[in-house]
Amino acid sequence: MKIKFSFKAKKEFINSAKFYEGRVVGLGKRFKQEIRNQLDLIQHNPKSAELKYKDIKVLVIKTFPFTIHYKIEKEYIVIVAIFHSSRNPEKLR
């Protein structure tokens, strides 16, 4: 299945990478690579993550304090959020 980002998730991904890169040179690149690695895992095993909400699965990133929230549709896996774990999950709705 192909992966598609919501506008919000893409923005969160880019902004988070920029934040980390601003903290330590190269850290933003490591963040992007870790997210890509996890997206590859999701793409090959879309049902492996925990079903957290009605139709949203959540994958915890172990090396950064983030979770990837996604849903499985007919033709796509839609990434709905790349969410920092310190934020209020109610903001996802």
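Does Glu-73 count as buried, exposed or partly exposed? At 34% relative accessibility, Glu-73 counts as partly exposed, a class that lies between buried, under 20% relative accessible area, and exposed, over 50%, with a 1.4 Å probe and protein chains only. The model is a predicted one, in which local features need pLDDT of at least 70 and side-chain atom pairs count only at pLDDT 80 or more, while totals for chains, interfaces and linings use all residues. Residues are numbered from 1 along each chain as its sequence is written, and side-chain values use heavy atoms, with hydrogens and water left out.

Glu-73 forms a salt bridge with Lys-71, and the closest N and O atoms of the pair are 3.8 Å apart; the term stands for a side-chain nitrogen of Lys or Arg within 4 Å of a carboxyl oxygen of Asp or Glu. Lys-71 is itself partly exposed, with a relative accessible area of 25%, and a search of the whole structure finds 1 salt bridge.

Positive charge also gathers on the surface, in a patch made up of Lys-10, Lys-29, Lys-32 and Arg-36. Such a patch takes residues with over 30% relative accessible area and no salt bridge, and joins like charges within 9 Å, the place of a charge being NZ of Lys or CZ of Arg. Helix 2 (residues 27-44) gives the patch its largest share, 3 residues, where a helix is a DSSP run of H or I with at least four residues and a strand a run of E with at least two, numbered from the N terminus. Arg-36 has its place in helix 2 and is partly exposed, at a relative accessible area of 43%.

The largest nonpolar core holds 19 residues, of which Phe-31, Ile-35, Ile-68 and Ile-79 touch the most other members; a core of this kind is a set of buried Ala, Val, Leu, Ile, Met, Phe, Trp, Tyr and Cys residues joined through side-chain atoms within 4.5 Å. At least two residues of this core come from each of helix 1 (7-23), helix 2, strand 4 (66-72) and strand 5 (76-84), and helix 2 supplies the largest share, 5 residues.

Two pairings remain. Met-1, in the segment before strand 1 (2-5), is partly exposed at 39%, and its C-alpha lies 9.1 Å from that of Ile-72, 71 residues apart in sequence. Ala-49, in the loop between helix 2 and strand 2 (50-51), is buried at 7%, and its C-alpha is separated by 5.3 Å from that of Leu-59, 10 residues apart along the chain.

Key: Patch = residues over 30% accessible without salt bridge, like charges linked within 9 Å, V, L, I, M, F, W, Y side chains within 5 Å. Areas by Shrake-Rupley, 256 points an atom, 1.4 Å probe, with all protein chains shown as cover. Lys, Arg positive; Asp, Glu negative; His and termini not counted.
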